[in-house]
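Morning, everyone. Please look at the next slide with me. I'll go through it step by step.

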Amino acid sequence: MPLAMVMEGETRTITEFKGQEEMKRHLQDLGFIRGEKVRVVGENASGMILMVKGVKVALNRGLANRIMVNG
């Protein structure tokens, strides 16, 4: 399931990425790595605030839709 579908307060594990290699590398540089846990801290119409590796990261929904997590 895409990370964008996860509800606030839930924690999931990253399983894969969809998209071009450059985008995948960018997400990995931000700490989004396959097998890493990610928690949805907050969300609004434009994006999501996520906690990954102890750091809060804001992502727009377009990028969050490209990160697949366990359902």
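S3 and S4 run antiparallel and are joined by six bridges. Two strands pair if DSSP finds at least two bridges between them. Strands are DSSP runs of E, at least two residues, and helices are runs of H or I, at least four, numbered from the N terminus.

A word on the source. This is a predicted model, where local features need pLDDT of at least 70, side-chain atom pairs count only at pLDDT 80 or more, and totals for chains, interfaces and linings use all residues. Residues are numbered from 1 along each chain as its sequence is written, and side-chain values use heavy atoms, with hydrogens and water left out.

Now the loop between S3 and S4. Lys-53 is found there. Lys-53 is not a glycine, yet its phi is positive, about 55°.

What about the core? The largest nonpolar core has 19 residues. Such a core is a set of buried Ala, Val, Leu, Ile, Met, Phe, Trp, Tyr and Cys residues joined through side-chain atoms within 4.5 Å. Buried means under 20% relative accessible area, with a 1.4 Å probe and protein chains only. Leu-59 is among the members that touch the most others. S3 gives the most to this core: three residues.

Which residues does Leu-59 touch? Among them are Leu-27, Phe-32, Leu-50 and Ile-67, leaving out residues up to four places away in sequence. Contact here means heavy atoms within 4.5 Å.

Notes:
Buried means under 20% relative accessible area, exposed over 50%, partly exposed in between (1.4 Å probe, protein chains only).
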